[in-house]
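The following exercises concern a single protein chain.

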Amino acid sequence: MLCIENKVDSQLHDRQLDNYYDYVENTYPGWCRVYVLLSPGGEPAPEQQCKNPDEWIPISYETIARIFDGLVPYAESKSGTIINDYVRMLKKEAIVEDKELDELAKNLYLKYAPVFDMVYARYVGDDSLDGELRAIYLKVLNEYKSKGAFTWCHGEHEPGRYLGFTTGRMDKYLLNNQNRRGSWGDNSRTYTYWVYPPLSNPSIKLELGPLNQSEVVVERMNRLVKEIGNKQTVLPTNRYRKIISVPTHIDSLKYEDKTDVNPQAVENKLRTAIDKMLSKEKEYLDKLEN
């Protein structure tokens with residue numbers, strides 16, 4: 001008996017996992033029972049929402065997409081088409097990463113950053129929906145920085161779609177002294193928290209930048225990845241590794257142009273997602289530093 005709880009655009013509530021677990025245990029007592037918590041980031045079942053979190057196997061949609069990709073060569077023509085369409089849908093909706101497209105985009109940006117920044121600055125003007133949302137996100141980020149929660153964040157007058165920030169505690173853990181060339185160019189950060197596009201529905205992502213970093217930094221990255229539950233090893237030749245993702249659900253506010261935007265509602269959604277990411281940071285670093 002396989003019991004799957006699927007979470008994409010909502011959070012666990014009302015002790016759902018306990019209810020499902022009790023139902024399956026009582027209804028199928030003679031069966032082999034397996035419990036899976038499926039989510040975009042593959043987060044484990046939270047103890048505060050579940051009496052037996054170890055019974056639930058956390059699986060990410062990225063894992064599902066990787067498994068399905070491996071099945072395509074063995075599938076019949078129609079089945080292969082359905083699988084490919086499903087994986088493309090996951091990437092299109094940003095439920096899983098399109099790593100090839102992300103790598104291509106970032107390599108192009110690194111090579112032609114001034115050109116892209118100029119084009120984007122002109123495209124995302126104050127009168128556009130993206131411009132309105134971007135201004136709100138920057139306001140929130142700089143509020144966190146002014147209160148000491150961030151050690152760096154994207155400046156209000158800096159161009160670019162990827163709005164980033166760093167924290168003091170993660171700086172210390174990942175030795176973010178920015179004294180060598182790495183994933184983000186000269187004097188590179190060892191990691192970045194991103195308000196990750198699209199601007200109409202961003203997510204908060206923790207991305208590691210292991211390229212050309214020291215053995216000590218890469219070893220710490222792998223300890224963090226292992227603590228999170230990710231089995232993929234970080235290598236100093238990797239340019240980027242996104243390891244945690246928190247949705248903002250800002251698209252649920254249903255706006256079509258800037259006149260529909262409720263700034264306070266958008267700010268609240270973004271703050272909730274940032275606070276959740278900071279809570280995850282505390283959870284993992286508490287374990288690693290003890």
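**Exercise 1: Residues in a loop**

Gln178 lies in the loop between α7 (168–173) and β6. The model is predicted. Determine whether Gln178 and Asn187 are buried, partly exposed or exposed, and describe the phi of each.

Solution. 
1. Gln178 has a relative accessibility of 33%. Buried requires a value under 20% and exposed a value over 50%, so Gln178 counts as partly exposed.
2. Although Gln178 is not a glycine, its phi is positive, at about 55°.
3. Asn187 is also placed in the loop between α7 and β6. Its relative accessibility is 51%, and therefore Asn187 counts as exposed.
4. The phi of Asn187 is near 50°, again a positive value in a residue other than glycine.

**Exercise 2: A residue in a strand**

Locate Thr166, decide whether it is buried or exposed, and identify its side-chain partner in a polar contact.

Solution. 
1. Thr166 belongs to strand β5, which covers residues 163–166.
2. Because its relative accessibility is 2%, Thr166 counts as buried.
3. The side chain of Thr166 forms a polar contact of 2.7 Å with the side chain of Thr151.
4. Beyond its neighbours within four places in sequence, Thr166 is in contact with several residues, among them Phe150, Trp152, Arg189 and Tyr191.

**Exercise 3: A peptide bond**

State whether the peptide bond from Pro197 to Pro198 is cis or trans, and locate Pro198.

Solution. 
1. Omega for this bond is near 10°, and the bond from Pro197 to Pro198 is cis.
2. Pro198 is situated in the loop between β6 (191–196) and β7 (203–208).

Methods:
Residues are numbered from 1 along each chain as its sequence is written. This is a predicted model: local features need pLDDT of at least 70, side-chain atom pairs count only at pLDDT 80 or more; totals for chains, interfaces and linings use all residues. Side-chain values use heavy atoms; hydrogens and water are left out. Helices (H or I, at least four residues) and strands (E, at least two) are DSSP runs, numbered from the N terminus. Buried means under 20% relative accessible area, exposed over 50%, partly exposed in between (1.4 Å probe, protein chains only). A polar contact is a pair of N or O atoms within 3.5 Å; within protein, one must be able to donate a hydrogen and the other to accept it, and residues adjacent in sequence count only if both atoms are side-chain atoms. Contact means heavy atoms within 4.5 Å.
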